[in-house]
Amino acid sequence: MSTENKTIVGQALAGLVDTGDVDTLASYLSEDFTHHRSDSTTSTKAQWLAAVRAALGPTAGMQVDILHLLADGDHVVVHSRRRLPTAGPEIVVVDVLRIADGLIAEVWEIIEPATQAAANGAWWDSAVGAHG
């Protein structure tokens with residue numbers, strides 16, 4: 001099952017990353033699909049696909065390097081680095097996808113600018129230092 005789920009996610013992302021093919025991505029999403037962001041906002045399938053379509057212009061030419069594609073049961077994790085062709089910030093993205101009945105049912109997305117990684121980890125360093 002995990003291998004099949006990785007294939008589903010890989011195929012859904014390939015068209016989007018390579019050619020901006022939102023329709024192929026849409027065909028891999030369940031009708032009750034939900035997208036979750038780390039700020040606790042959620043989007044329906046229609047809302048999220050509209051946002052993806054709107055982002056295609058400003059993100060044209062974005063380089064996406066998938067660093068890890070991991071699966072366990074009905075979940076697939078995608079860890080990627082993304083860079084715009086202009087001098088925009090490099091971001092690190094972790095997507096956790098839940099697969100149900102051969103379709104992507106939910107995605108949890110975490111985005112962090114790579115340049116802020118050290119600062120965003122400072123709370124951990126201070127907590128470890130206080131107890132280390």
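Two strands count as paired here if DSSP finds at least two bridges between them. With that in mind, here are some close-up views of this predicted model.

**View 1. β4 and β5 lie side by side as an antiparallel pair.** Eight bridges join the two strands. To find your place in this pair, look for R81, which stands opposite V92 in β5.

**View 2. β5 continues into a hairpin with β6.** These two strands run antiparallel and are joined by 10 bridges. V96 makes a handy landmark, standing opposite W108 in β6. Two residues lie between the strands, and D101 in the turn has a positive phi of about 55°.

**View 3. β6 also pairs with β1, this time in parallel.** Five bridges link β1 (residues 29-37) to β6 (residues 103-113). Here T34 is the residue to look for, as T34 stands opposite E106 in β6.

**View 4. Helix α1 packs on the sheet.** This helix covers residues 2-19 and touches β3, β4 (75-83), β5 (91-100) and β6. The direction of α1 makes about 165° with that of β3.

**View 5. Stepping back, six strands make up an open sheet with mixed pairing.** Reading across, the order is β2-β1-β6-β5-β4-β3. The edges belong to β2 (42-44) and β3 (63-72); each has a single partner strand, so one side of each is left without a neighbour in the sheet. From one strand to the next, the twist averages 20°. As a reminder, strands of a sheet pair through backbone hydrogen bonds, either parallel or antiparallel.

Definitions and conventions:
Residues are numbered from 1 along each chain as its sequence is written. This is a predicted model: local features need pLDDT of at least 70, side-chain atom pairs count only at pLDDT 80 or more; totals for chains, interfaces and linings use all residues. Side-chain values use heavy atoms; hydrogens and water are left out. Helices (H or I, at least four residues) and strands (E, at least two) are DSSP runs, numbered from the N terminus. Axes are lines fitted to C-alpha atoms, for helices over the stretch in contact, and angles run from 0 to 180 degrees between N-to-C directions. Contact means heavy atoms within 4.5 Å.
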